[in-house]
Amino acid sequence: MHRTSTRVILSCAAIGVGGGLFAAGAGYAAGLIAGIAPMLYGITIGSHFLPSAVALALLKRPGVGILTGFIAGLVGAAFAPHWILRFLGTGLLVGALLELPFFLTRYKNWSAWLYYVAAGASGLVLAAGTFIALGPEHYAPWFWALYLAMFALSPIAFTWLGRVIAASLARAGVARTLTTGR
């Protein structure tokens, strides 16, 4: 049985807290955007990708994306308890979806393109879910084109930002003894 060190778990917690604070703010911004310009709502979904992307890119270990996403969901829910299921569910789902390609490669391939494929595919899964839930008949085709594009591109943009943050943290030596070296 593989044991995860306390340092890795605490690193996930720290990243999750920071990501959860950001996601909580983005959650309130999402409500505002949904009321003013609902076709742009998809921009905010990427905020849920940030903590898991940072953890995966920095620590390069199994399970860190899911754990960090869950912790970020807990923190986000603390600031918006009425959205507890949204934050927890999205944190777990996004963490699992981002981690899936690395799981399939048995955590041996950490190529940059895997992050972006996972983020884009995850965004499309979430977009399809909202498309079905809201019903295609309620909005014009141009609305859906913009809405779904935001859902697909926002996770990619926030995953890129997460990788940039992770690279900066790695250069600063934050996770020097925590990475697997792959």
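Trainee: Which helix gives the largest share of the nonpolar patch?
Mentor: In this predicted model, the largest share comes from helix α3, residues 64–79, which supplies three residues.

Trainee: And which residues make the patch?
Mentor: The nonpolar surface patch is made by I66, F70, L74 and L92. Its area is about 300 Å².

Trainee: Let me pick L74. Where is its place?
Mentor: L74 is located in helix α3.

Trainee: Is L74 buried, partly exposed or exposed?
Mentor: L74 is partly exposed.

Trainee: Why does it count that way?
Mentor: Because its relative accessibility is 42%, and partly exposed covers the range between the buried limit, under 20%, and the exposed limit, over 50%.

Trainee: How far is L74 from V17, going by C-alpha atoms?
Mentor: The separation between the C-alpha atoms of L74 and V17 is 8.5 Å. Along the chain, these two residues are 57 residues apart.

Trainee: Changing topic to helix packing. At what angle do the axes of α2 and α3 cross?
Mentor: The axes of helix α2, residues 50–59, and α3 cross at roughly 145°. They come within 8 Å of each other.

Trainee: Is that crossing left-handed or right-handed?
Mentor: The crossing in which α2 passes α3 is right-handed.

Trainee: Which residues make the contact?
Mentor: On the α2 side, the contact involves P51, S52, A55, L56 and L59. From α3, the contributors are V64, G65, T68, G69 and A72.

How values were computed:
Residues numbered from 1 in each chain as written. Predicted model: local features only at pLDDT ≥ 70, side-chain atom pairs only at ≥ 80, totals over all residues. Heavy atoms only, no water. Patch = residues over 30% accessible without salt bridge, like charges linked within 9 Å, V, L, I, M, F, W, Y side chains within 5 Å. Areas by Shrake-Rupley, 256 points an atom, 1.4 Å probe, with all protein chains shown as cover. Salt bridge = Lys/Arg side-chain N within 4 Å of Asp/Glu carboxyl O. Helix = DSSP H or I, 4+ residues; strand = E, 2+ residues; numbered from the N terminus. Buried < 20%, exposed > 50% of the residue type's maximum accessible area, 1.4 Å probe, protein only. Axes fitted to C-alpha atoms, helices over the stretch in contact; angles between N-to-C directions. Left-handed = near helix turned anticlockwise from the far one by under 90°. Contact = heavy atoms within 4.5 Å.
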